[in-house]
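Thanks for taking a look at this one with me.

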Amino acid sequence: MRMPLSAAIGLFLTALYFLAAIFADLIAPYGMAEVVGDVWEPISAEHWLGTDSIGRDLLTRMIYGGQTTILIATVATLLSFTTGSILGFTAAVAGGWVDQALSRFVDLMMSIPSLIFALVVLSVMPVSLPVIILVMGLLDATRVFRLSRAVALDITVMDYVEAARLRGEGRGWIIFREILPNALSPLVAEMGLRFIFMVLFISTLSFLGLGVQPPMADWGGIVKENKDGIVWGVPAALVPAVAIATLAISVNLVADWILNRTASLKGGRGG
Amino acid sequence: MHPLIRLVARRIALGILLLLAASVLIFAGTEVLPGDVASAILGQGATEKTLANLREALGLDRPAVVRYFEWLGGVLQGDLGTSLTNRRDIATTLAGRMSNTLFLAFWAAVIAVPLAILLGLVAVRYQGRWPDKLISGTTLASISVPEFLLGYIAAFFLAVQFKLLPSVATMHGGMDLGDKLMAIALPVLVLVLTVLGHMMRMTRAAILNVMQSAYIETAELKGLSPFAVIARHALPNAIAPVVNVVMINLAYLVVGVVVVEVVFVYPGMGQYLVDHVAKRDVPVVQACGLIFAAVYIGLNLLADLISIIANPRLRHPK
């Protein structure tokens, strides 16, 4: 099947962002926290995006910022997926009180907005990268739990799962060898959306001053550092908007394509 | 007992239970730290004496369960405790800020709800044609940019470049309604933009779902006018899902308001919360967190109640 143009563009841009994040040290024109010019210099040949609030090269800050943002979002997404899907599958396969206890706990977690709960926890926790990743990942695992439980419930009633049960396979085998391969495609599409959510989440936390701490760069922090320039007509704080929006839309396009493609494999709608 | 009343009573009881559990979770959220909360709050520069003072102020010498019930008992009587940073009563500080936040959220809701329903209807009417595609395209773009960046984009263009609106939402006592509305125009605009996308998309899906049902087709085939089809058959069934959509998005507004207040330096509850998280003022954070959670749970409860009451099948039991 040919890849639609929108998905190809999405995949290309997503790959570009990830490559820029991985090879940030090689492609960044200046050092991460190196002061190289005046405050808020306009765009020039030396500084493609101008300079920031204390005279650092904005393009360099954006590249390193992308590295931090994408790294945190990726690790948090992986954490949220492993925890959420293993618990979700366990709830679906085990049923009974295990399912009840886990589901009610997740309902409770979701009754408080994640940003508010994150703020409550961060008011006593030290603001460091592992803590932030842990808080973001575990809060988001609730959503993955709901999806993977719903998907797994549809699969557990299939004949091949019944067959595996009858031949005496353990719970681990049923979860990893029977359910996981069949639940993978909706989960992968969801993973894209969760990743975007994580990018927005960490950017918001950093913007509020409760995420990545200076002098490290990240996209939300760049907005915070340069926001005072807005009043003087300096658009430096708006540059991360372009990066976040294009990354979010690209990942969305890829996720849509994966979902459509797998839906048509199973004879569903879309194509 | 009428089954409707029983359902409503059960849902309200569940809501209260959820709120209680949420208060446990918020309290526990500040206790999860392995080790001493007091030294985490004060940092490395703390002396033995300041540590001991703070431990006493927080009541850390007593077990967490006792402190939770004391806190809960106080909250139920309207006593939210005193702030660690300025020793003021939290409830009195919060009252003014809460009315500011409600003022902001109220105007955002007044504009966003009718607009979203209208645009959702337009998208259904022109389904698959350019207005529909335009609406879903803008939705995707608007949900891909975080609120705070939308805020600065709006401030940069509307306040700085074209000087139409003030870039900072200052509020003080002597302002009349017109001045206040002018001051909050930008934050309201940003809040409307952030919830509009979701609300339109969900309204569109809810109405499409109703319009595609068999009974709508039957009504059309038996020769009812399009107006009668909508008024008699589509509307009663669409109320519940649309109200649900509205409530869920108003609950989302609760979170949006926190960030937007920080962007426009608006003296509301969200900014109060964020400021005191950075200052590690635990009692303030707990109080604000609880109020935000209560509003969120309350709106979700309201959504469920309205859909129970609006469901014709539950109103006329067999």
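1. **Conventions.** This is a predicted model, in which local features need pLDDT of at least 70 and side-chain atom pairs count only at pLDDT 80 or more, while totals for chains, interfaces and linings use all residues. Residues are numbered from 1 along each chain as its sequence is written, chains are lettered from A and ligands numbered from 1 in the order in which they are written, and side-chain values use heavy atoms, with hydrogens and water left out.

2. **Chain B on its own.** You will find 14 helices and zero strands in chain B; helices (H or I, at least four residues) and strands (E, at least two) are DSSP runs, numbered from the N terminus. The C-alpha trace of chain B spans about 85 × 60 × 40 Å along its principal axes. Of its 318 residues, 46% count as buried, where buried means under 20% relative accessible area, exposed over 50% and partly exposed in between (1.4 Å probe, protein chains only). Among contacts (heavy atoms within 4.5 Å) in chain B with a separation of 6 or more, 72% come from residues 24 or more positions apart.

3. **Where the chains meet.** Between chain B and chain A, 42 residues of chain B are in contact with 42 residues of chain A. The area buried there is about 3,600 Å², with 84% given by carbon and sulfur atoms; buried area is the accessible area (1.4 Å probe) that two parts lose on being put together, summed over both. Helices of chain B that each supply at least two residues to the side touching chain A include α1 (3-29), α6 (130-143) and α11 (226-263). The largest share, eight residues, comes from α7(B). That side of chain B divides into 37 nonpolar, four polar and one charged residue. Here Ala, Val, Leu, Ile, Met, Phe, Trp, Tyr, Cys and Pro count as nonpolar, Asp, Glu, Lys and Arg as charged, and the others, Gly among them, as polar. The count of salt bridges between the two chains is zero.

4. **Nonpolar cores.** A nonpolar core is a set of buried Ala, Val, Leu, Ile, Met, Phe, Trp, Tyr and Cys residues joined through side-chain atoms within 4.5 Å. The largest has 132 residues, of which Leu119(A), Met136(A), Phe207(A) and Leu94(B) touch the most other members. Its largest share, 15 residues, comes from α11(B). Beyond its sequence neighbours within four places, Phe207(A) is in contact with residues including Val223(A), Phe148(B), Tyr152(B) and Val259(B).

5. **Salt bridges.** The whole structure holds eleven salt bridges over all chains, each a side-chain nitrogen of Lys or Arg within 4 Å of a carboxyl oxygen of Asp or Glu. In chain B, Arg11(B) pairs with Asp304(B), the closest N and O atoms being 2.7 Å apart. This pair links helix α1 to helix α13 of chain B, 293 residues apart. Arg11(B) is buried at 16% relative accessibility, whereas Asp304(B) is partly exposed at 28%.

6. **Arg167(A) and its partners.** Arg167(A) meets Glu169(A) in a salt bridge (2.8 Å, N to O) and Glu178(A) in another (3.4 Å, N to O). Glu169(A) is partly exposed, at 25% relative accessibility, and Glu178(A) is buried, at 12%. Elsewhere, Arg56(A), Arg61(A) and Glu225(A) are linked in a network of salt bridges.
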